[in-house]
Each structure stands twice: as C-alpha cells, then as structure tokens.
Amino acid sequence: EIDKKYHDRRVVLVDENDQETGVAGLVEAHRGKGLKHRAFSLQLYRRVAGGVELLLQQRAEAKPVFPFYWANTCCFNMAPGEEYITRAASRVGEELGLVVEPGVLRKLYRFSYEAEDVEGWCENEWDMVIVGEWDGELNLNPEEAMDAQWVEWNELNEDVEHNPTIYAPWFKTILRDERFRSVCE
C-alpha cells in the first residue's frame, strides 16, 4: 500500500527539451513507462585529508521507487512553482535533518534518463544535479532514509564497480559524468 502522501503529490511534466507540458500525480508519473517529469539529485560533499567524501543515503523501504538502494544525498520530484536550489535545501532537511543554506548549493547540470524498477514502477526524469560542500549533523527521517554515510570518492567508485546492484541507476549515471567527476577528483 502506497502512503497517502505519495498520492497527494503533484509533479511538473516536461518534454524531451525540459519544456513544461503540464502537471500529473506523482504515482501516475512513476507507473508503467512513466511520464517525463522534473526532479533534482542533490549531492553534498566534504573535503577531508586531501580527498573528497560524499554523503550517501540509503532510500527507505517506504519509498515506492527504488527502496533500499544507495543513492546521492537527496532526490526529489519538483512540484509546480518550486525552485531547484530552495527546494533542495529544504528537502534535505526533511529527509536527513540537515541544515543546509541555499547559498552553498549550485546547479551543476541536468540530464534525462529512464529506469525501470519492480512491480510496474519506474523513473522518467529530467534530473537537475545540484552539489554543495557541507559538513554537519545528521538526524535521519526513517520514512525517507534507512541510513546515510560519508564515503570517500575512490572507495565509492570501487564499490559501485563491485556492487552495482545496490546503487540507484540515476546515481551511477551521475558518478560517471565528467562534470560531476570534476567536482570530486
């Protein structure tokens, strides 16, 4: 049974050029082949001992799409009237209990992807990749995140290579992108 909060949410539909085409329910946008919609993937990182660590989230069991998978710090589907940076800063607070000022976040790039999950669920998104340097306290919301941890960049890439099935498909795509790699290397 899908939580009522998912049935009540609306998402911004877009075409292949990221031009708005309408609004749909979140569940409808994630069933079958899905409806292309706007989303963001936020990745927080910190510099430690000459390297970079990324804050990863393990998606909660209650999430309808790709539960249990490890992914970037926070993902979310955009509702009508929302702005990417403002919503990324507020959403990471809702999911991980973080206080992140919008001024430390920046849009890096966007990409379109599709990924099938089990039981008729899918992703079909124009995804804005947002990054920010941050370090602080976590206070996970168990309805959103089962776990979170800082992982060193090289160790993460090695683990994704050896254990690809535990990572969300959009996150693996982001990790391979040179625009993202340039932030972390």
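This tour visits a helix pair and then a cavity.

The model is predicted, so local features need pLDDT of at least 70, side-chain atom pairs count only at pLDDT 80 or more, and totals for chains, interfaces and linings use all residues. Residues are numbered from 1 along each chain as its sequence is written, and side-chain values use heavy atoms, without hydrogens and water.

**Stop 1: the helix pair**

Select residues 153-162, helix α4, and residues 169-176, helix α5. Helices here are DSSP runs (H or I, at least four residues), and strands are E runs of at least two, numbered from the N terminus. The axes of α4 and α5 come within 12 Å and cross at roughly 125°. Axes are lines fitted to C-alpha atoms over the stretch in contact, with angles from 0 to 180 degrees between N-to-C directions.

Now show side chains. W153, L156 and V160 of α4 meet F171, K172 and L175 of α5. Contact means heavy atoms within 4.5 Å.

**Stop 2: the cavity**

How many cavities of 30 Å³ or more does the structure hold? It holds one. A cavity is a set of points on a 1 Å grid over the protein atoms alone where a 1.4 Å probe fits but cannot get out; lining residues have an atom within 4 Å of a point.

The largest cavity has about 220 Å³ of space. Select R9, R59, K63, N77 and E123, the closest to its centre of the 19 lining residues.

Next, colour β6 (74-77), α3 (84-96) and β8 (122-133); each supplies at least two lining residues. β6 gives the most, with three.

Terms used:
On a 1 Å grid over the protein atoms alone, a cavity is a set of points where a 1.4 Å probe fits but cannot get out, and a pocket is an open set with protein on both sides within 12 Å along at least five of seven lines; lining residues have an atom within 4 Å of a point. Grid points are joined across faces, edges and corners, and a volume is the space filled by probe spheres set on the points.
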